[in-house]
Amino acid sequence: MTMQPSPEVQSPQSILLDNVVSGYYGKKVLDGVSFSIDKPSVYVVLGPNGAGKTTLFRTLAGILKPISGRAEINGLPSETQEARKNLDYLSHIDGIPDGMKVIDALRFYGKIESVGEDDVARAINLLALEELQLKYFSQLSQGQKKRVPVARIFLRKKQIYLLDEPTSNLDPKVAKEIRELILGLAKDRIVLYSSHNLYEAREIGNEVIAISQGKLAMFGEIDDIKTQKYVVGIKAFDAEGVLDSNNKEGPYYIMELGGPDDVPKMVSELVAKGVKIREVKEMQNPLEELFK
Ligand code: ADP
């Protein structure tokens, strides 16, 4: 599908990696990664912890210079200032100093981005930070803390966004709201959004860049990742005769479902049969299968 660029987009956006080797102090993390993107969309950068997702983002953001190979943003080497100008990188460890108030931090970022009070107020409103804006960062809960750097990326529109696990550690409701905001932002932009959870990834986008041990494991459609098996463990009482006690791992009864969407139905059926459920957890992540 071809998308029309919005009037704010001055030039076509693109990312190019050509046989990129990148890492820290000569230690290779990314090892010969090549792909190119010129179609605006959300690309989910998927991979288990330690795969090299953050290293990929740092290389694209110009923080790490490739040891060898080419990394380009809009046709410019990623470490040049010109390349960085149209790119926003949200690191998974972004925050603001504990002794700073939310409003002061956003005004500070607003100055860097050369935007006015209106844009700062809009970002505060988008992330529902009105009641928190006069609080110090140290006074916020973990979930509230995450919303502040996310608000920063809404101050000024960029062409390319690199978002490193922007919804990790958030409760599902807030995570969903933030994903929706990001999807709105992503219209006619290139957004790379990293995640180590395939099911979260499905909520975000259909294009996948899968990284495994520093190599490109897959570049394509998320639907091509097979998820035949979704296995949950259920900790429960009064389950005799309902759940199979021969199929247990520790205190967990093992059950195979079609996917996470089947969990509520399974829970209500078990409850209707008098089972007292204490916990339901994912026992296997299909990503592990993909990256075996
Ligand atoms: P991911 O984001 O997929 O979890 P990372 O890119 O953070 O993976 O890490 C990939 C590898 O690079 C890991 O083995 C990690 O230990 C290593 N690494 C990450 N940051 C540094 C650093 N600053 N110095 C040295 N090694 C690092």
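**Getting to know this predicted model**

Q: What share of the protein chain counts as buried, and what makes a residue buried?
A: Of the 292 residues of the protein chain, 34% count as buried. The label goes to a residue with 20 or more other C-beta atoms within 10 Å of its own, while 12 or fewer makes it exposed and anything in between partly exposed, with C-beta atoms placed from the backbone. This is a predicted model, in which local features need pLDDT of at least 70, side-chain atom pairs count only at pLDDT 80 or more, and totals for chains, interfaces and linings use all residues. Residues are numbered from 1 along each chain as its sequence is written.

Q: Why is Leu140 called partly exposed?
A: Leu140 has 19 C-beta neighbours inside 10 Å, so it counts as partly exposed. You can find Leu140 in the loop between helix H4 (117–126) and helix H5 (142–152). Leaving aside neighbours within four places in sequence, Leu140 is in contact with Leu132, Lys135 and Lys145; a contact needs C-beta atoms, placed from the backbone, within 7 Å.

Q: How many helices and strands does the chain have, and what makes a stretch a helix or a strand?
A: The protein chain has nine helices and 14 strands. Both are DSSP runs, numbered from the N terminus: a helix (H or I) has at least four residues and a strand (E) at least two.

Q: What makes a group of residues a nonpolar core, and which residues touch the most other members of the largest one here?
A: A nonpolar core is a set of buried Ala, Val, Leu, Ile, Met, Phe, Trp, Tyr and Cys residues joined through C-beta atoms within 7 Å. The largest such core has 58 residues, and Val44, Val45, Ala151, Leu162, Val191 and Tyr193 touch the most other members. Strand E3 (residues 41–46) provides its largest share, five residues. Setting aside residues up to four places away in sequence, Tyr193 touches Val42, Val44, Val45, Leu163, Pro166, Ile182, Ile204 and Gly205.

Q: How do you know whether H1 is mostly covered or in the open?
A: Eight of the eight residues of H1 are buried, and this helix is mostly covered. The buried residues include Lys53, Thr54 and Thr55. Just after H1, Gly62 takes a positive phi of about 85°.

Q: Is helix H8 (residues 263–272) largely covered or in the open, and why?
A: One of the 10 residues of H8 is buried, so this helix lies largely in the open. Just after H8, Gly274 has a positive phi of about 90°.

Q: What makes two strands a pair, and which strands does E13 (residues 252–257) join?
A: Two strands pair if DSSP finds at least two bridges between them. Five bridges join E13 to strand E11 (residues 230–237), running antiparallel, and Tyr230 stands opposite Leu257 in E13. Two bridges join strand E12 (residues 248–249) to E13, again antiparallel. E12 and E13 form a hairpin with two residues between them, and Gly250 in the turn has a positive phi of about 60°.

Q: Why do E12 and strand E14 (276–282) stand at the edges of their sheet?
A: Four strands form this open, antiparallel sheet in the order E12-E13-E11-E14. E12 and E14 each have a single partner strand, so one side of each is left without a neighbour in the sheet.

Q: Where are the bounds of the two domains, and how were they set?
A: Domain 1 covers 15–224 and domain 2 covers 230–291. These bounds come from an automatic or database domain assignment. The domain centres, taken over C-alpha atoms, are 34 Å apart.

Notes:
Contact = placed C-beta atoms within 7 Å.
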